[in-house]
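Colleague: I am new to this structure and would like to learn how to read it. Could you walk me through it?

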Amino acid sequence: MKHVEEGRSLLWLMTLSIFFSFIAPQQAGSQPLQYQLNWLGGVTPSIATGVSFGVPFPKGTFQKNQQFILKNQDEKTLPLQSWSMAYWPDGSLKWAGFSTVVDNCSEKGFFLEPTQMLSENPSQATVSLEESDDLIRVNTGALICLIPTKGEKLIRSITVGDREVSTGGELVCLLQDGLAEEHGPQPEILKFVGSVDKVTVEQSGPVRAVIKVEGSHKSVPGKRRWLPYVVRIYFYGGMQTIKMVHTIIYDGNQEKDFIRGLGVRFDVPLNDELYNRHVRFAGEKGRLWDEPIQPITGRVPLSRNENLYEKQLRGEAIPPRNHFDSLQQHLLKHWASWGDYKLNQLNADGFTVEKRTTAASAWIEAGAGKRAEGLAFVGDASGGLAISLRNFWQSYPSSLEIRNACSKSAQMTAWMWSPDAQPMDMRHYDTIPWGHDLLASYEDVQPGFSIATGVARTSELLLYGTGQIPDHKIFEGLTDLASEPPLLVATPDYLHQVSAFGIWSLPDRSSTGKRWIEDQLDKAFEYYQKEVDQRRWYGFWNFGDVMHAYDQERHVWRYDIGGYAWDNTELMPNLWLWYSFLRSGRADIFRMAEAMTRHTGEVDVYHLGRFAGLGSRHNVRHWGCGSKEVRIAQALLGRFYYYLTTDERTGDLMRFVANASNNAIGEIDPLRLILEKSDYPTHARMGPDWLALAGNWMIEWERTGDPEWRERIKKGVKSFSKMPYGLFSGRGAAMGYNPETYQLYQLTQEDIGYSHLSVLMGGPEMAYELTDLLDDADWTRLWMQFTRLYGASKEEIFREFGVSVKLGDPGHWYARLPAYYAHKTGQRKWARRAWYDFLNTHTHFEPKLFDNIETLEPVYEVEGVSTNNTAQWGLNAIQLLEMIGDQLPEEHERFQTKQE
């Protein structure tokens, strides 16, 4: 009996211990947990701003409805709104999204703490929202915005104080019907405006409100509707800014539907005298183009007693006209007033400013520069409206335009595609009917597949309503806010501790070998960062992508050679950049990864039509290759950006592919040109096809907690577990696949093979996480077997399967597989193999300047560079340092040579 009582006591103590260890962070009187957050890049915003961000938490730490507070370094509590973004398999909180408003621009660090408070806090940054059948009224406390739920206006009005700074905003598109013959008549240009189909309130405060508007563009006049759009509008409590995330999906005929202009237009009422009205454009590096509509200067000054012209240029109000005598009024009558303005950025290296008095007058040159930052303002002494288009010069041809500034209402347009540019041409780059094949140009062109119908583009805009002419400091702060939106991020140490996004290492320079690897990682990024600029990888449809392969003889990337041109996610440069950011926290890496995520998730993927849910393989035109596959569209690529920033558009894309990609692979067989149709609906390789689908489902499972997504994965795992060769049970890795049941089938009992893309298109990175999340014995066995046997000798394969066959190539691209096996089992043999495969390759990033007549300007080159190699070398380096960094062979000759 004594032993029984002791056992019960011990069990009771253990239960209490587990219970209190779980609730300790939330207990009264206990030391609360604190999560440190810092501004991205350590740069504090120069003006007050709202900011949204995501934070991960260890498994089992918090439940779904956990409350948090945010404090600055002075222990002041900031307004905070939170929501759940993802869950661990046990239902505990994995990622949470947060919004706050920061008005003290000296604040550098913040601390997030759990709390038992049951209500949102505090009230000083409240944004309120009222809904009716036809209107949504948003009040931030600093402005009121009316958003109609139907019609052709995106925004009905914006009011600051007692000043209506805009009487409406709309989406505009100019469509050109075909291309003009050279020196021939011009085709017809039709005007379209955005027409609202659906408005959804996604968040209603108290710190942030988010409204999603969906629709398409409608001809004026006429009945044609095309070019679907999604616009999200963001408001923060106490803020005079409105953020817009604008997406269009091209659904036209690329042979005849040429966009001539694409923009967002706002009406801005102007009530003051012409000489009290002002236009401003942001130039480059904080500089301004800043002029009044009617400069009060000429042969005779307006006043000899005070310098009113200097006062005017500062944006200060000049007295009304009746204040002046007859001579002064004569001057005001005869000085020119300028009604129209435009800043055009038609390439990455130059912008121009022009203005004219009326539509019947000539445009005159008013200024020029290199790279405008994309902000414009029009208003008078009692206020006005500013608009900014992010990545303005990087996404050329863009422009900012102000019309009718001498009337009672000016129109200000941010053109994402400038009407002064050549028409948007979505056609393929060649017309030969048979295409340039894989043998000739590494290109897979098929009739009817090189089309742009279904691709998308997302742009970000910022509005600022003001009751006065903003001073230069405010204008500069707005430019910075729009160009590089502030973000709060957790520290690399914390993200690493939580194992956010799987297996990756923190920088480690503690030995000669590790220092060499870290140096090469830094140099690899810095080289590509330089390449983006020196190769001008910019433009509306191109910005964010990089090129695939280099032409050493021409000293250019192979921009015009079939599949060697734009990379389109091939071999995962996205993942290399994101893991490089996670381990370093560097803002410049984040911005490059952000741009690539925006581009590859929108432009390289189909969002409607027969290819919806699939992406296009690398090509001269982003959508040019006939190979349409799940791997390019997979949700894994957007996951980093979504969780770190809470960006709803990226969340939409990930959710869309969860079903769409699976449906599409049933319609477009990825192996249709290689294998004849089997008894099954379609084909799928273990990787990249099934691994990409499983990644889509894994992400939906963690986002929703719905076990249906997990069951889809398990059906695939069960299929593999029945096959004699596990994940290698395919004809060249090909298997039969049924998209309705999510099951895979071995085509014949003898089939055994592999696909190197199983490893190179995000498969391992997804599988690392899936193995822990799924906690399934069959999957763990299959994945461990795959990592052990990929690239192994024929003898090892024979001992395992009784078949003498090659299953993958050893090499530095695949070194993370034996490293993973060593990491999980502790077997040093596999660590030695991994380091041998990784280090015995000629990989280095040492740029050399080529300065000769054969190139338009001096360029830096890396011998033998390719994005395939860079991305995979970087991913392997980052992961090997984490998994088997303690077994790095410091005596390796590469390190000894470097040391000398």
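**Reading the core and the overall shape**

Modeller: The largest nonpolar core has 237 residues, and Phe57 and Phe235 are the ones with the most contacts inside it. Helix α13 (residues 686-704) gives this core its largest share, ten residues. Please keep in mind that this is a predicted model.

Colleague: What is the general idea behind such a core?

Modeller: Nonpolar side chains tend to be buried together in soluble globular proteins. Here, another core lies apart from the largest one; it has twelve residues, among them Ala282, Ala386, Leu462 and Phe475.

Colleague: Which residues is Phe57 in contact with, leaving aside its neighbours within four places in sequence?

Modeller: Among them are the aromatic residues Tyr35, Phe62, Phe68, Trp88, Phe98 and Tyr494. Phe57 also touches Leu93, Lys94, Ala96, Leu112 and Val498.

Colleague: How many helices and strands does the chain have?

Modeller: There are 22 helices and 38 strands. The chain is as compact as a globular protein of its length, because its radius of gyration is 30 Å, close to the 29 Å that the globule rule gives for 900 residues. Its C-alpha atoms fill a box of roughly 105 × 80 × 65 Å along the principal axes.

Colleague: What share of the residues is buried?

Modeller: Buried residues make up 60% of the 900 in the chain. As for the surface, the chain exposes about 36000 Å², with 50% of it supplied by carbon and sulfur atoms.

Colleague: And how many charged side chains are there, positive and negative?

Modeller: The chain has 93 positive and 113 negative side chains, and the centres of these two sets lie 2 Å apart.

Key:
Residues are numbered from 1 along each chain as its sequence is written. This is a predicted model: local features need pLDDT of at least 70, side-chain atom pairs count only at pLDDT 80 or more; totals for chains, interfaces and linings use all residues. Side-chain values use heavy atoms; hydrogens and water are left out. Helices (H or I, at least four residues) and strands (E, at least two) are DSSP runs, numbered from the N terminus. The radius of gyration is taken over C-alpha atoms; the globule rule is 2.2 Å times the number of residues to the power 0.38. Buried means under 20% relative accessible area, exposed over 50%, partly exposed in between (1.4 Å probe, protein chains only). Accessible areas come from the Shrake-Rupley method with a 1.4 Å probe; for residues, only the protein chains shown count as cover. Lys and Arg count as positive and Asp and Glu as negative; His and the chain ends are not counted. The place of a charge is taken as NZ of Lys, CZ of Arg, CG of Asp or CD of Glu. A nonpolar core is a set of buried Ala, Val, Leu, Ile, Met, Phe, Trp, Tyr and Cys residues joined through side-chain atoms within 4.5 Å. Contact means heavy atoms within 4.5 Å.
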